[in-house]
Amino acid sequence: MFMEKLVRETERLSLICSMLDTMRRADKDRNARGWTSPIGLLKITRSCAMISELGTSIAKAGYRECDRATLEEIQRETRQVLYSLHAQVAD
């Protein structure tokens with residue numbers, strides 16, 4: 001149950017980030033569009049928060065649905081998205 005939701009949310013975040021790269025490349029001035037808006041930031045942050053919440057739920061359930069290494073890698077990648085987002089906004 002949690003794992004299915006985690007996979008869906010991870011795929012959703014992946015699509016958002018892929019769209020980010022597409023928009024960045026498409027802009028002739030090399031400025032990202034869309035994701036820097038309050039709504040875009042909210043969508044990415046919300047997705048990362050949901051992934052974190054689902055990961056915590058899986059860990060509390062004793063990793064029955066997912067092995068620990070896989071879950072840690074998903075969490076690490078999610079944190080990296082947030083760090084990258086923070087760095088882009090700070091620049």
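Is Arg76 buried, partly exposed or exposed, and what is the relative accessibility behind that? Arg76 counts as partly exposed, because its relative accessibility is 43%. Keep in mind that we are looking at a predicted model.

Let me stay with Arg76 for a moment. Its salt-bridge partner is Glu73. The closest N and O atoms of that pair are 2.9 Å apart. Both residues sit in helix α3. They are 3 residues apart, about one turn of the helix. What about the exposure of Glu73? Glu73 is partly exposed as well, at a relative accessible area of 34%.

Now, the overall tally. How many salt bridges does the count give? The count comes to 4. I will go through two further pairs.

Next pair, again in helix α3. Arg68 forms a salt bridge with Glu72. Here the closest N and O atoms lie 3.1 Å apart. Helix α3 covers residues 68-90. Within helix α3, Arg68 and Glu72 are 4 residues apart, so about one helical turn separates them. Glu72 has a relative accessible area of 38%, which means it is partly exposed.

Over to helix α1, residues 2-26. Which residue does Arg12 pair with? Arg12 forms a salt bridge with Glu9. The closest N and O atoms are 3.2 Å apart. Both partners lie in helix α1, with a spacing of 3 residues, about one turn of the helix.

Look at accessibility in this pair. Arg12 is partly exposed, at a relative accessible area of 30%. Glu9 counts as buried, because its relative accessibility is 10% and the cut-off for buried is under 20%.

Back to helix α3 and the pair I opened with. Arg76 and Glu73 both lie there, 3 residues apart. Alongside that pair there is a network to point out: salt bridges with shared partners link Glu9, Arg12 and Arg46.

Is Gln75 buried or exposed? Gln75 is buried, because its relative accessible area is 15%, and that falls under the 20% limit. So what does Gln75 touch, leaving aside residues up to four places away in sequence? Its contacts are Ile51, Ser52, Gly55 and Thr56.

Arg76 and Glu73 pair at 2.9 Å. Arg68 and Glu72 pair at 3.1 Å. Gln75 is buried.

Key. Residues are numbered from 1 along each chain as its sequence is written. This is a predicted model: local features need pLDDT of at least 70, side-chain atom pairs count only at pLDDT 80 or more; totals for chains, interfaces and linings use all residues. Side-chain values use heavy atoms; hydrogens and water are left out. A salt bridge is a side-chain nitrogen of Lys or Arg within 4 Å of a carboxyl oxygen of Asp or Glu. Helices (H or I, at least four residues) and strands (E, at least two) are DSSP runs, numbered from the N terminus. Buried means under 20% relative accessible area, exposed over 50%, partly exposed in between (1.4 Å probe, protein chains only). Contact means heavy atoms within 4.5 Å.
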